[in-house]
Amino acid sequence: MDLNTVLEVRDARQHAPWRSGDAWLGGGTYLFSEPQPHIRRLVDLGRMGWEPLHRLPDGSLEIAATCTIAQLSRFARTYAAPAAPLFEQCCRAFLASFKIWNMATVGGNLCNGLPAGPMISLTAALDGIALLQAQDGTRRHLKVADFITGAGRKDLAEGELLRSVTLPARSLVCRTAFRQASLYGLGRSGALVIGTLDPLDGSLAMTVTAATVRPFRLWFPAAPDAEELRDTLEWTIADGDWFDDIHGLPAWRRHMTLRLCEEIRRELGREAGR
């Protein structure tokens, strides 16, 4: 897509006042996929030189917003953490061409805020913390599950930048379970559920995405029984929270989510002795 309203592309390393019509440019796979008549200037993050993935001394993992899906996938193949298989599962949930894999970024997927964004699923399930930076350099931290506020909506101020997402060391040692459903064999996710079992205290978290307008992360101090899980899901996710588009009606998404959550409960519950 030619963005014929764009008058300038600026290197993000050269700071200049943010103005109306500006947009951050990461991989550009969304920006160049459809008309963007409101954009006048692109601020290119491609030369910022951020390390794609960085292991911190405490065992946590920082993922730069400019890390591509291909870089994340390659990293996961040699990453020894118990939660590492989940990285590749979420990368594959894109069902994207190799061109998209090599250009699309983790940060771009989060900032689009689409319900089916698999990087939202990954980072919300592993209790990721987003680092946000304002134009004046002020920084703030926000859980990914709270960063996405609705379908295509996020807690991001004008000109604010998503710098990175950090996955805590505690989450990376969790046993994980992944389930995905789509109306089509190669279709967009209609429901995506991830369970994590903490080996240290036996707690279980269930994260629902794709089926809902925003991520829902449910935490249980111990693996619940089927009735407790179902009741918690019904109480937490309101009727208006189920997403409705061509890729699935709300009733179908709800049905599949309940089914997938129960499958994960049984899988992880066996390991927890429930």
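Trainee: Why does Glu-263 count as partly exposed?

Mentor: In this predicted model, Glu-263 has a relative accessibility of 29%. Buried requires under 20% and exposed requires over 50%, so Glu-263, at 29%, counts as partly exposed.

Trainee: What makes the contact of Glu-263 with Arg-179 a salt bridge?

Mentor: The closest N and O atoms of Glu-263 and Arg-179 are 2.9 Å apart. The limit is 4 Å between a side-chain nitrogen of Lys or Arg and a carboxyl oxygen of Asp or Glu, and the pair therefore qualifies as a salt bridge. Glu-263 belongs to helix α9 (residues 250-271) and Arg-179 to strand β11, 84 residues apart, so the pair links distant parts of the chain.

Trainee: Which residues are linked with Arg-179 and Glu-263 in a network of salt bridges?

Mentor: The network also includes Arg-175, Arg-259 and Glu-267. The structure as a whole holds 18 salt bridges.

Trainee: How do you know whether Arg-41, which forms a salt bridge with Asp-22, is buried or exposed?

Mentor: The relative accessible area of Arg-41 is 3%, and the cut-off for buried is under 20%; Arg-41 is therefore buried. Asp-22, at 9%, is buried by the same criterion. Their closest N and O atoms are 2.7 Å apart. Asp-22 is in strand β2 (residues 22-25) and Arg-41 in strand β3 (residues 41-44), 19 residues apart.

Trainee: What are the values for the salt bridge of Asp-201 and Arg-170, and how is Asp-201 classed?

Mentor: The side chains of Asp-201 and Arg-170 meet at 3.2 Å, N to O. Asp-201 lies in the loop between β12 and β13 (204-209), and Arg-170 in helix α7 (residues 169-172). Asp-201 has a relative accessible area of 41%, and therefore counts as partly exposed. Arg-170, at 40%, is also partly exposed.

Trainee: Why is β12 called largely enclosed?

Mentor: Seven of the seven residues of β12 are buried, so the strand is largely enclosed by the rest of the structure. Ala-191, Val-193, Gly-195 and Leu-197 point one way, while Leu-192, Ile-194 and Thr-196 point the other way.

Trainee: How do you know that β12 pairs with β11 and with β13?

Mentor: Pairing requires at least two bridges between the strands. β11 and β12 have seven bridges, in the antiparallel sense, and β12 and β13 have six, also antiparallel. Ala-181 stands opposite Ala-191 in β12, and Gly-195 stands opposite Met-206 in β13. In the hairpin of β12 and β13, Gly-202 takes a positive phi near 75°.

Trainee: What makes helix α5 mostly covered?

Mentor: Eight of the eight residues of α5 (residues 118-125) are buried. Among them are Pro-118, Met-119, Ile-120 and Leu-122. Just after the helix, Asp-127 takes a positive phi of about 55°.

Trainee: Which residues have the most contacts inside the largest nonpolar core?

Mentor: They are Leu-72, Phe-87, Leu-110 and Met-119, in a core of 51 residues. Leaving aside neighbours within four places in sequence, Leu-72 is in contact with residues including Phe-87, Met-119 and Leu-122. Apart from this core lies another, of 23 residues, among them Leu-204 and Met-256. In soluble globular proteins, nonpolar side chains tend to be buried together.

Trainee: Why can Leu-183 belong to a surface patch?

Mentor: Patch residues need over 30% relative accessible area. Leu-183 has 41%, and so passes that cut-off. Leu-183, Tyr-184 and Ile-246 make a nonpolar patch of about 320 Å².

Note on methods. Residues are numbered from 1 along each chain as its sequence is written. This is a predicted model: local features need pLDDT of at least 70, side-chain atom pairs count only at pLDDT 80 or more; totals for chains, interfaces and linings use all residues. Side-chain values use heavy atoms; hydrogens and water are left out. Buried means under 20% relative accessible area, exposed over 50%, partly exposed in between (1.4 Å probe, protein chains only). Helices (H or I, at least four residues) and strands (E, at least two) are DSSP runs, numbered from the N terminus. Patches are made of residues with over 30% relative accessible area and no salt bridge: like charges are joined within 9 Å, nonpolar side chains (Val, Leu, Ile, Met, Phe, Trp, Tyr) within 5 Å. Accessible areas come from the Shrake-Rupley method with a 1.4 Å probe; for residues, only the protein chains shown count as cover. A nonpolar core is a set of buried Ala, Val, Leu, Ile, Met, Phe, Trp, Tyr and Cys residues joined through side-chain atoms within 4.5 Å. Contact means heavy atoms within 4.5 Å.
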